[in-house]
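Subject: Structure handover

Hi,

Here is the structure for you to look over. My notes on it follow below.

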Amino acid sequence: MKKFLAVCAAACIGVSAFGADGATLFKKCAVCHGAKADKVYLNKIPALKSISTAERLQYMKEYAEGKRNAYGQGAIMKINLKGLTEEDFKAIESYIETL
Ligand code: HEC
């Protein structure tokens with residue numbers, strides 16, 4: 001599987017509905033969280049860059065499971081993470097790290 005993903009990352013650019021391509025997956029997140037993960041959304045959600053990788057991964061899992069609602073808008077995040085797998089979360093994380 002790992003090997004497949006590596007091959008896919010190189011070959012599937014532009015065909016991202018499938019495969020964990022962090023940069024493509026993050027485009028959707030950038031609308032609210034900023035292209036560089038540095039935007040404070042609605043003047044209250046901390047910029048993704050300002051929290052740690054471990055925190056981001058944990059929060060993403062909690063939103064996906066409907067368990068987090070830190071600013072009263074957890075439902076928005078739940079919808080945005082719908083259909084994404086843990087592999088996708090990790091791919092997004094690796095991409096945020098490069099920003
Ligand atoms: C429509 C706007 C929107 C989009 C698109 C969006 N988010 Fe969010 N995000 C929010 C809101 C609103 C919150 C705060 C939710 C709450 O009340 O806990 C949030 C919170 C977060 C947090 C927790 C921040 C913290 O410090 O508590 C993470 C991590 C996060 N989003 C990652 C992502 C990722 C990754 C994506 C793309 C797959 C994404 N978001 C897409 C609006 C958005």
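How many helices and how many strands does the protein have? It has five helices and zero strands. From the N terminus on, the order is α-α-α-α-α. Please keep in mind that this is a predicted model.

Some overall figures come next. The protein has 99 residues, and buried ones make up 13% of them. Take the contacts between residues at least 6 apart in sequence: 48% of these join residues at least 24 apart.

**Ligand surroundings**

There are 25 residues around the ligand. Which of them come nearest? They are Cys-29, Cys-32, Ala-70, Tyr-71 and Gln-73. By class, the shell divides into 16 nonpolar, six polar and three charged residues. Three helices each supply at least two residues of the shell: α2 (22-33), α3 (53-64) and α4 (74-80). The largest share comes from α2, with five residues.

**α2 against α5**

Two packed helices are described by the angle between their axes and the distance between the axes. For α2 and helix α5 (residues 86-98), the angle is about 85 degrees and the axes are 8 Å apart. Angles of 65 to 115 degrees count as roughly perpendicular, so α2 and α5 are roughly perpendicular to each other. On the α2 side, the contact is made by Gly-22, Ala-23, Leu-25, Phe-26 and Cys-29. On the α5 side, Asp-88, Ala-91, Ile-92, Ser-94, Tyr-95 and Ile-96 take part. The contact of α2 with α5 has eight nonpolar, two polar and one charged residues. Note Cys-29: this residue of α2 is in the contact with α5, and Cys-29 is also among the residues that come nearest to the ligand.

**Nonpolar core**

In soluble globular proteins, nonpolar side chains tend to be buried together. Which residues form the largest nonpolar core here? There are eight: Met-60, Tyr-63, Ala-64, Met-77, Leu-81, Phe-89, Ala-91 and Ile-92. Helices α3 and α5 each supply at least two residues of this core. Ala-91 and Ile-92 also belong to the α5 side of the contact with α2. Within the core list, look at Ala-64. Leaving out residues up to four places away in sequence, Ala-64 touches Lys-78 and Leu-81.

**Thr-53**

Thr-53 lies in helix α3. Is Thr-53 buried, exposed or partly exposed? It has 13 C-beta neighbours inside 10 Å, so Thr-53 counts as partly exposed. Setting aside neighbours within four places in sequence, Thr-53 is in contact with Glu-93 and Glu-97. Thr-53 and Glu-97 are 44 residues apart along the chain, yet their C-alpha atoms are separated by 7.9 Å.

**Two backbone points to check**

Most residues other than glycine have a negative phi. Ala-37 has a positive value, near 60 degrees. Leu-42 also has a positive phi, near 55 degrees. Ala-37 is found in the loop between α2 and α3, and Leu-42 is found in that loop too. Which is buried and which is exposed? Ala-37 has 20 C-beta neighbours inside 10 Å, so Ala-37 counts as buried. Leu-42 has 10 other C-beta atoms within 10 Å, so Leu-42 is exposed.

Best wishes

Technical notes. Residues are numbered from 1 along each chain as its sequence is written. This is a predicted model: local features need pLDDT of at least 70, side-chain atom pairs count only at pLDDT 80 or more; totals for chains, interfaces and linings use all residues. A residue is near a molecule or strand if its C-beta atom, placed from the backbone, lies within 6 Å of it. Helices (H or I, at least four residues) and strands (E, at least two) are DSSP runs, numbered from the N terminus. Ala, Val, Leu, Ile, Met, Phe, Trp, Tyr, Cys and Pro count as nonpolar, Asp, Glu, Lys and Arg as charged, and the others, Gly among them, as polar. Axes are lines fitted to C-alpha atoms, for helices over the stretch in contact, and angles run from 0 to 180 degrees between N-to-C directions. Angles under 35 degrees count as roughly parallel, over 145 as roughly antiparallel, 65 to 115 as roughly perpendicular and the rest as oblique. Two residues are in contact if their C-beta atoms, placed from the backbone, lie within 7 Å. A residue is buried if 20 or more other C-beta atoms lie within 10 Å of its own, exposed if 12 or fewer, and partly exposed in between; C-beta atoms are placed from the backbone. A nonpolar core is a set of buried Ala, Val, Leu, Ile, Met, Phe, Trp, Tyr and Cys residues joined through C-beta atoms within 7 Å.
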